[in-house]
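Good morning. I will take a few minutes to walk through one structure, part by part. Please have a look at it first.

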Amino acid sequence: MATHLEEEENLNDLKMKQKLHDTEDDDGEEEEEEDQNWDDWKTDGEEEEELEGSKEQFFCLFCDSVYSSCSPLFEHCASAHHFDFNAMKKTHNLDFYKCLKLINYVRSQVAENRCWSCGMICQSKRDLQNHLHEVVNFESIMLQFDDNRYLKPILPDDALLYSFAEDEEDENGDDMSIDPKELVNLNQFEQISIDYESCSDRYPCQLTTPCENGGKEVASASDRGIKAGAEYAVSFFRNEEDEQFNESSEKIVANQIRNINKNYFGAYSSFGIHREMINDKVRTDAYQQAILENPSLLRGAIVMDVGCGTGILSLFAAQGGASRVIAVEASEKMAAVATQIAKDNGFLRSGFPRSSGQRDGVIEVVQGMVEDLDNATHIQPHSVDVLLSEWMGYCLLYESMLSTVLLARDRWLKPGGAILPDTATMFVAGFGKGGTSIPFWENVYGFNMSCIGLEEVENAARNPIVDVIDSCDIVTPTQVLQTFDLVTMRSDQMDFTAIVELEPKLITPMDNFTGSKPEITWCHGLVLWFETGFTERFCSELPTNLSTSPYNPKTHWSQTILTFREPIAMASAKVTSEKLAAVGTNACPAVSVQSRISVARAAQHRSIDISVELTGIGPDGRKRNWPVQLFALN
């Protein structure tokens with residue numbers, strides 16, 4: 001991470017180049033003065049016209065509005081787009097460099113029709129402007145924009161970059177940490193080229209690193225955690241005034257990064273975690289069946305098990321006839337445990353010939369992160385026949401190793417090699433009152449404690465709940481939210497936006513035996529779950545499926561529950577409604593609810609951010625939009 005000193009040196013270099021350039025211009029002007037003639041004479045009116053045409057224009061960060069100075073521009077951004085630059089600068093003590101980076105970061109996100117605050121991708125610039133909202137967690141956003149990439153202007157000749165500090169000086173009489181005139185040649189920085197009209201590449205809303213080709217590469221989950229730790233370490237060892245960040249400090253930071261990494265994977269040394277996973281019969285049986293019931297896939301194959309833990313899947317692979325099993329485990333303790341288990345069961349590969357009548361084992365445990373095994377000489381590139389991993393987390397992607405699995409695929413899997421599992425699908429449905437804690441608190445030994453339930457619902461509207469939901473509490477048909485093909489997908493496709501339309505479940509004549517008006521269903525939120533497939537593409541003898549659905553036996557993943565701020569009334573299209581009533585109320589229940597759901601890896605280590613936008617459609621076609629809800633699964 002670059003320090004203020006490095007940034008000032010960069011800008012001072014530019015200043016020196018500018019002075020040299022100005023000196024050359026002055027010399028040239030002296031020579032030209034001797035050759036001036038009356039053809040250069042301009043009237044006062046012509047000079048005024050030129051001055052009028054040369055006034056700087058300040059372009060809004062979010063729309064097409066243009067202003068003549070910073071103050072009205074920032075006032076407009078605050079009132080129209082929920083972007084209060086001055087308040088954020090003051091509240092979070094943003095220095096000149098962070099302000100500069102923030103402006104460029106916001107412009108880069110808007111160019112991609114992405115919300116700078118929550119990361120949701122909109123279909124158009126107009127949709128983005130309608131979506132913009134107040135900041136929920138500015139600290140997490142700082143992790144994204146406080147990057148030297150955003151010292152480079154996004155908008156060519158952006159007058160705002162040269163003037164926002166002057167505007168601050170005019171208001172407060174205080175100068176910021178650097179003279180803004182030093183930025184006169186800021187455009188000499190390499191430009192970030194973005195086509196504002198046709199930009200269609202959608203990058204994930206989290207820390208990224210510049211690639212050699214100038215594009216963006218998504219950092220792995222572990223990389224993001226390390227980078228966050230590095231930023232903390234840098235801020236700890238850097239003097240806030242002017243202390244230089246010397247070579248010895250860099251070594252200390254490197255040690256800090258290694259310690260953060262060690263502590264993270266050390267958390268997986270708890271045997272309780274592994275017992276819970278192995279004891280999940282749905283999970284373990286699915287992997288055992290996929291491996292042992294497809295002998296043509298495993299017999300004689302070279303297998304890599306990414307994140308082997310106790311080595312249970314590697315043992316299955318060895319049992320299924322694999323010729324070599326490379327079990328990769330980042331936790332030092334669990335790698336030692338997996339080695340001992342493989343040895344105790346006669347599957348450890350020693351590399352030495354055994355006594356007559358005994359054959360050597362096939363499992364070799366490699367301790368380390370997949371990201372660090374690039375130079376491992378004992379694992380040849382594209383030498384693996386089967387890539388095996390149990391990488392799924394809550395809501396499929398939370399604390400997941402999917403990006404690591406994809407990296408292993410690209411480095412070591414043979415062309416046409418198998419991945420187990422090879423597909424993953426996320427599902428969504430609406431749930432009713434029974435999916436909340438309200439019914440419990442309504443009657444506690446005969447006492448009404450519903451005030452607690454209401455407060456819990458308010459908290460649940462901000463934070464997802466991982467719990468088992470009863471299938472009888474599902475009030476809408478299930479919809480597919482997103483599908484992943486692990487054979488072909490890219491890591492940036494883990495971040496997505498999907499739109500699903502939810503309708504109330506049909507009421508059968510037996511359910512509505514009175515024959516009265518259609519029953520109103522109250523939808524209190526959304527429930528997410530996933531399935532992974534061991535499909536016939538690779539498991540030709542016996543394909544299998546691992547499901548975390550509320551309609552199936554429960555697993556340790558449970559389901560992920562997203563609670564609405566207020567429940568939405570739903571009914572069939574046959575219901576009569578009051579014309580002036582709001583859609584989604586008892587007087588005008590919605591016949592369907594369009595849900596725009598965005599899932600993105602967060603800046604916080606291995607977490608994910610989820611945003612939900614709801615549009616209710618009434619029986620008469622009227623629509624009602626609810627404010628966007630943001631959920632952080634961490």
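Predicted model: local features only at pLDDT ≥ 70, side-chain atom pairs only at ≥ 80, totals over all residues.

An unreviewed UniProt entry lists residues 89–116 as "domain: Protein arginine N-methyltransferase 3-like C2H2 zinc finger".

Staying in that part of the chain, S108 sits in helix α5, residues 96–111. Is S108 buried or exposed? Its relative accessibility is 1%, so S108 counts as buried, the cut-off being under 20%. The side chain of S108 reaches the backbone oxygen of Y105 at 2.6 Å.

Next, the open sheet. It has 5 strands in the order β7-β6-β5-β8-β9, and the pairing is parallel. At the edges are β7 (363–367) and β9 (413–420), each of which pairs on one side only. From one strand to the next, the twist averages 25°.

Inside this sheet, strand β5 (residues 302–306) is joined to strand β6 (residues 324–329) by 5 bridges, and the two run parallel. I302 has R324 in β6 as its bridge partner. Two helices deserve a mention here. Helix α16, residues 402–412, packs on the sheet and touches β5, β8 and β9; its direction makes about 150° with that of β9. Helix α14 lies across β5, β6, β7 and β8 (384–389), and runs at about 175° to β6.

Last, the interior. In soluble globular proteins, nonpolar side chains tend to be buried together. Here the largest nonpolar core has 91 residues, and M304, L397 and I610 have the most contacts inside it. Helix α14 (residues 312–319) gives the most to this core, with 6 residues. Leaving aside residues up to four places away in sequence, L397 touches L402, M426, F484, M494, F496, V599 and I608. Another core, of 40 residues, lies apart from this one, and includes C63, C99, L132 and Y150.

That is the tour. Thank you.

Notes: Residues numbered from 1 in each chain as written. Heavy atoms only, no water. Core = buried A, V, L, I, M, F, W, Y, C linked by side-chain atoms within 4.5 Å. Buried < 20%, exposed > 50% of the residue type's maximum accessible area, 1.4 Å probe, protein only. Helix = DSSP H or I, 4+ residues; strand = E, 2+ residues; numbered from the N terminus. Contact = heavy atoms within 4.5 Å. UniProt positions renumbered as here; feature names shortened; annotations may be inferred. Polar contact = N/O pair within 3.5 Å; in protein donor to acceptor, adjacent residues only side chain to side chain. Pairing = 2+ DSSP bridges. Axes fitted to C-alpha atoms, helices over the stretch in contact; angles between N-to-C directions.
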